[in-house]
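I opened this model to look up a few local features. My entries follow, one topic at a time.

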Amino acid sequence: MAKRELIIFGAGQTAEVAHFYFTNDSAYDVVAFTVNAEYITADTLFGLPVVPFEDVAEKFPPAGHDMFVAVTYSGLNKIRAQKLNETKAKGYTCPSYVSSKATVWPGLNHGENCLILEDNTIQPHVTIGDDVYLWSGNHIGHHSVLRDHVYIASHVVVSGAVEIGEYSFIGVNATLRDNIRIGRENLIGAACLILKDTEDRAVFK
């Protein structure tokens, strides 16, 4: 069965990582990269063309291609969210990547354009929204809800029944206790311990 052809938005390290995982562990064949014309610094990456985002739909039509938006957590994930919206407006489907080396249960509920890397343990009854990035080695406890455009770095412990609000960033080795709500646009730094609900736009360092 032929693989679906995939374009990756981005040309930085996150895009390179996405290229590796989709190439080696998915049903997709990466055929090109794309970024806005003003950010193109080379014509190719890994031997694949880097095309202007402004022209991508003409060269790689959405009828025959999907696109993954591989952008880091800049601007509390809002730049990635904006590019995802622009990509969908062009007519592209934005698939998710779930590593074959992640521990997940049948029926995992996740949205589009998610990146779930190896050694994530995701317990039953977890809901993951659109455009959620889980870097490697996290624990996501049962009945937790990760809202859209969340980024969780490595070795984070999200205990049971935690809700994480939209656009939040959770840093390396942070721990969130059970039955709490993290507000929208929270920035929770490395190794922070969060024991109670947080307000929107809260910062913990």
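**Entry: E54.** I looked up E54 and found it partly exposed, because its relative accessible area is 42%. Here buried means under 20% relative accessible area, exposed over 50%, and partly exposed in between, with a 1.4 Å probe and protein chains only. I place E54 in the loop between strand 4 (48-52) and helix 2 (56-59). Helices (H or I, at least four residues) and strands (E, at least two) are DSSP runs, numbered from the N terminus. Leaving out residues up to four places away in sequence, I list V35, N36, A37 and K90 as touching E54. Contact means heavy atoms within 4.5 Å. A polar atom of the E54 side chain lies 3.1 Å from the backbone nitrogen of A37. E54 and Y73 are 19 residues apart in sequence, and their C-alpha atoms are 23 Å apart in space.

**Entry: ground rules.** I note that this is a predicted model, where local features need pLDDT of at least 70 and side-chain atom pairs count only at pLDDT 80 or more, while totals for chains, interfaces and linings use all residues. Residues are numbered from 1 along each chain as its sequence is written, and side-chain values use heavy atoms, with hydrogens and water left out.

**Entry: positive phi.** Most residues other than glycine have a negative phi. N113 is not a glycine, yet its phi is positive, about 55 degrees. I find N113 in the loop between strand 7 (109-110) and strand 8 (115-116). N113 counts as buried because its relative accessibility is 0%. N179 also has a positive phi, near 60 degrees. I find N179 in the loop between strand 18 (175-176) and strand 19 (181-182). N179 is exposed, with a relative accessible area of 54%.

**Entry: cores.** Which residues touch the most other members of the largest nonpolar core? I128, L134, I152, I164 and L176 do, out of 24 residues. A nonpolar core is a set of buried Ala, Val, Leu, Ile, Met, Phe, Trp, Tyr and Cys residues joined through side-chain atoms within 4.5 Å. Apart from this core lies another, of 22 residues, among them L6, A15, A18 and L117.

**Entry: contacts of I164.** Not counting residues up to four places away in sequence, I164 touches several residues, including V145, I152, I170 and L176.

Note on methods: Polar contact = N/O pair within 3.5 Å; in protein donor to acceptor, adjacent residues only side chain to side chain.
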